[in-house]
Each structure stands twice: as C-alpha cells, then as structure tokens.
Amino acid sequence: MVALSWKAPKGDAEVAGYNIYYNGDEIASTKKNRFTIKRLSPGTTYTYTIRAFGVGDELSPPSKEISVTTSSLDATDPAVASAQINSGPDNSGSATPGITNGGGQTSI
C-alpha cells in the first residue's frame with residue numbers, strides 16, 4: 001500500500017480536485033489532498049506525479065516525480081510505503097516530493 005498526500009497549491013485558481021499519475025498514466029482522481037494505492041507488488045518501484053485541476057478542467061503542471069519502492073515483505077503487509085508531496089517554497093503550486101517512512105521525511 002502507498003499513501004500519497006500533498007498540500008493544496010496556493011494562488012488564485014480554485015482547485016476542484018487532483019489527478020494521480022503512475023508512470024505518466026492517469027490512474028485516479030480525487031477531491032481530497034490524499035490518496036491510497038493498494039494491491040502493489042512487493043519489492044517494486046512505483047513513480048507518481050500529481051496534477052491539480054480547476055472547475056473548468058484546466059490542469060496544473062505536474063508535480064515533481066516521487067518514486068516509492070515497496071518493501072520486499074509479504075504482499076499482505078499493510079504498512080509497505082507512504083509518500084508525502086509538499087508544496088514548494090515558491091508557493092507556485094508545484095510540488096516537491098518526499099517520502100515518509102516511520103515518521104521521518106526524506107526529500108528527493
């Protein structure tokens with residue numbers, strides 16, 4: 001399982017939701033700033049990006065990529081990986097990825 005979370009972009013545009021991409025392909029949409037991906041293979045690297053979309057379906061630029069490698073533990077282990085995407089310091093709405101494991105955060 002991979003739990004993604006991110007901060008809402010700052011600015012004038014109203015965000016209606018977020019698209020989640022895996023290796024460049026859209027895999028889901030959500031109105032929340034978090035999403036959990038289940039049924040992943042153990043010992044596998046997954047690369048994700050997030051794009052905000054507005055009321056008129058306009059899309060933000062993609063976030064920076066974040067790569068998460070699942071544990072090689074049993075695939076039934078519910079706490080395999082977690083990732084958090086944080087807003088960049090320029091408040092432009094572009095995201096800076098980081099991985100959260102065991103309470104600590106490492107920026108990529």
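This is a predicted model: local features need pLDDT of at least 70, side-chain atom pairs count only at pLDDT 80 or more; totals for chains, interfaces and linings use all residues.
Is threonine 30 buried or exposed? Threonine 30 is buried, with a relative accessible area of 12%; buried means under 20% relative accessible area, exposed over 50%, and partly exposed in between, using a 1.4 Å probe and protein chains only. Residues are numbered from 1 along each chain as its sequence is written, and side-chain values use heavy atoms, with hydrogens and water left out.

**View 1. The whole chain is built with nine strands and zero helices.** Helices (H or I, at least four residues) and strands (E, at least two) are DSSP runs, numbered from the N terminus. Along the sequence the pattern reads β-β-β-β-β-β-β-β-β. The protein chain has 108 residues, and 32% of them count as buried. Its accessible surface comes to about 6,500 Å², with 50% belonging to carbon and sulfur atoms; such areas come from the Shrake-Rupley method with a 1.4 Å probe, and for residues only the protein chains shown count as cover. Contact means heavy atoms within 4.5 Å. Of the contacts between residues at least 6 apart in sequence, 53% join residues at least 24 apart.

**View 2. Four strands form an open sheet in the order β3-β2-β5-β6.** The pairing is antiparallel, and two strands pair if DSSP finds at least two bridges between them. β3 and β6 are the edge strands, each pairing on one side only. From one strand to the next, the twist averages 30 degrees; for such angles, axes are lines fitted to C-alpha atoms, for helices over the stretch in contact, and angles run from 0 to 180 degrees between N-to-C directions. Five bridges join β2 to β3, and four join β5 to β6.

**View 3. Strand β6 shows a covered face and an uncovered one.** Ile66 and Val68 make up the covered face, whereas Ser67 and Thr69 make up the uncovered one. In a regular strand the side chains alternate between the two faces of the sheet.

**View 4. The largest nonpolar core has 14 residues.** A nonpolar core is a set of buried Ala, Val, Leu, Ile, Met, Phe, Trp, Tyr and Cys residues joined through side-chain atoms within 4.5 Å. Val2, Leu4, Trp6, Ile20, Leu40, Tyr48 and Ile50 have the most contacts inside this core. The elements giving two or more residues to the core are β1 (2-6), β2, β5 and β6 (66-69). β5 supplies the largest share, four residues. In soluble globular proteins, nonpolar side chains tend to be buried together.

**View 5. Threonine 30 sits in strand β3, with tyrosine 18 standing opposite.** Leaving aside neighbours within four places in sequence, threonine 30 is in contact with Trp6, Gly17, Tyr18, Ile20 and Phe35. The side chain of threonine 30 also reaches the backbone nitrogen of lysine 32 at 3.1 Å. Lysine 32 itself is in the loop between β3 (25-30) and β4 (34-37). With neighbours within four places in sequence left aside, lysine 32 is in contact with Trp6 and Tyr18. Lysine 32 and alanine 8 are 24 residues apart in sequence, and their C-alpha atoms are 9.2 Å apart in space.

**View 6. Threonine 49 is a buried residue in strand β5.** Its relative accessible area is 12%. Not counting residues up to four places away in sequence, threonine 49 touches Asn19, Ile20, Tyr21, Pro62, Ser63, Lys64 and Glu65.

**View 7. Arginine 39 and proline 42 lie in the loop between β4 and β5.** Arginine 39 counts as exposed because its relative accessibility is 85%, while proline 42, at 38%, counts as partly exposed. Proline 42 and methionine 1 are 41 residues apart in sequence and 9.5 Å apart in space, C-alpha to C-alpha.

View 8. Most residues other than glycine have a negative phi. Asparagine 23 is placed in the loop between β2 (15-22) and β3.

Note on methods:
A polar contact is a pair of N or O atoms within 3.5 Å; within protein, one must be able to donate a hydrogen and the other to accept it, and residues adjacent in sequence count only if both atoms are side-chain atoms.
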